Amino acid sequence: MITKVTHMCVYVLDQDSAYDFYVNKLGFKVHTDVPMGPGARWLTVTPPEQPELELTLFPVREGNVFDAETARTMTDLVKKGTFGAAVFTCHDLMATYEELKGKGVEFKKAPTKEFYGFEASFKDDSGNWFSLAQLNHEQ
Amino acid sequence: MVSQNIEPEHYPRLYLYRRIVQAKLFIDRHYAENIDLEQIADEAYFSRFHFCRLFKNAYGKTPHHYLTKVRLDNAQQLLAKGIPVAGVSFLIGFDSSTTFAALFKKHFGVSPSGYQARQLKKQTSFAANPLHAVPNCFAETCGWK
């Protein structure tokens with residue numbers, strides 16, 4: 001029986017830029033930031049109130065994981081916003097929306113009322129998009 | 001069901017949210033100073049009671065509890081850098097390192113010195129063998145081992 005998720009992978013185009021976005025804009029905490037040889041780095045962050053879930057900010061670059069063509073294709077796909085990576089939740093969507101917008105986060109969709117609560121969606125610095133929700137049971 | 005934009009019908013007083021967000025950002029920036037929450041409420045044009053209620057609705061914590069959380073979260077980062085407990089207490093805005101240590105332990109279930117020892121040990125372990133930080137399937141796929 002599977003019990004929990006501990007790691008999720010978000011493919012990013014630049015780890016330094018992703019660090020700034022997830023830590024300084026979204027307010028995530030750095031869990032692990034360890035160099036892995038020349039040009040490689042294991043970087044994970046956690047949501048502010050969920051320290052047991054690590055988002056691995058995994059770089060898209062040619063190397064052992066991606067060959068040159070796959071890296072180019074992945075870069076294009078990430079950039080054009082193909083990948084919806086996760087749903088984040090917050091206590092109050094409008095307050096969070098206003099804060100993130102003020103920090104320069106690009107929203108794909110302004111807050112809307114849905115049957116399960118309120119939802120908006122935004123893009124990270126690479127192009128991945130996330131749902132940001134305020135769920136009814138948290139109201 | 002068709003999505004409905006929630007501006008402005010569900011948030012007719014958006015300006016109130018903006019004030020609350022500004023108050024939160026003020027705490028984020030000035031947590032290490034002697035912050036007077038009464039003053040923040042005044043600057044946000046709220047009564048203290050109204051301010052606390054709206055802040056708690058938005059962030060799930062009273063302004064005081066949020067300030068404490070921000071201070072303690074930053075304390076964790078400073079402790080992980082090896083800064084002595086008394087120094088950390090001062091740097092995050094506590095007058096008393098005893099009060100800081102008690103709050104830290106209540107919040108995280110471990111003393112600041114215990115947390116620091118654990119973090120430094122982890123860092124030493126990662127420095128000696130970075131692969132200890134990585135799930136093996138990733139390390140293998142990335143060709144790191």
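In chain B, Thr68(B), Lys69(B), Leu72(B), Asp73(B), Ala75(B), Gln76(B) and Leu79(B) of H4(B) meet Phe100(B), Leu103(B), Phe104(B), His107(B) and Phe108(B) of H6(B); contact means heavy atoms within 4.5 Å, and helices (H or I, at least four residues) and strands (E, at least two) are DSSP runs, numbered from the N terminus.

This is a predicted model: local features need pLDDT of at least 70, side-chain atom pairs count only at pLDDT 80 or more, and totals for chains, interfaces and linings use all residues. Residues are numbered from 1 along each chain as its sequence is written, chains are lettered from A and ligands numbered from 1 in the order in which they are written, and side-chain values use heavy atoms, with hydrogens and water left out.

**Exercise 1.** Find how the axes of H4(B) and H6(B) cross, and sort the residues of their contact.

*Step 1.* The two axes come within 11 Å and cross at roughly 95 degrees. Axes are lines fitted to C-alpha atoms, for helices over the stretch in contact, and angles run from 0 to 180 degrees between N-to-C directions.

*Step 2.* H4(B) and H6(B) are therefore roughly perpendicular (under 35 degrees counts as roughly parallel, over 145 as roughly antiparallel, 65 to 115 as roughly perpendicular, the rest as oblique).

*Step 3.* Their contact residues divide into seven nonpolar, three polar and two charged. Here Ala, Val, Leu, Ile, Met, Phe, Trp, Tyr, Cys and Pro count as nonpolar, Asp, Glu, Lys and Arg as charged, and the others, Gly among them, as polar.

**Exercise 2.** Do likewise for H1(B) and H3(B).

*Step 1.* Their axes come within 10 Å, crossing at roughly 80 degrees. That makes H1(B) roughly perpendicular to H3(B).

*Step 2.* H1(B) brings Ile20(B), Val21(B), Ala23(B), Lys24(B) and Ile27(B) to the contact, and H3(B) brings Phe51(B), Leu54(B), Phe55(B), Ala58(B) and Tyr59(B).

*Step 3.* Sorting these gives nine nonpolar, no polar and one charged.

**Exercise 3.** Describe where chain B touches chain A.

*Step 1.* Chain B contributes 35 residues and chain A 31.

*Step 2.* Together they bury about 2,800 Å², 64% of it on carbon and sulfur atoms (buried area is the accessible area, with a 1.4 Å probe, that two parts lose on being put together, summed over both).

*Step 3.* Four salt bridges cross the interface, each a side-chain nitrogen of Lys or Arg within 4 Å of a carboxyl oxygen of Asp or Glu. Lys29(A) forms a salt bridge with Asp73(B), their closest N and O atoms being 3.1 Å apart.

*Step 4.* On the chain B side, H1(B) gives the most, with seven residues.
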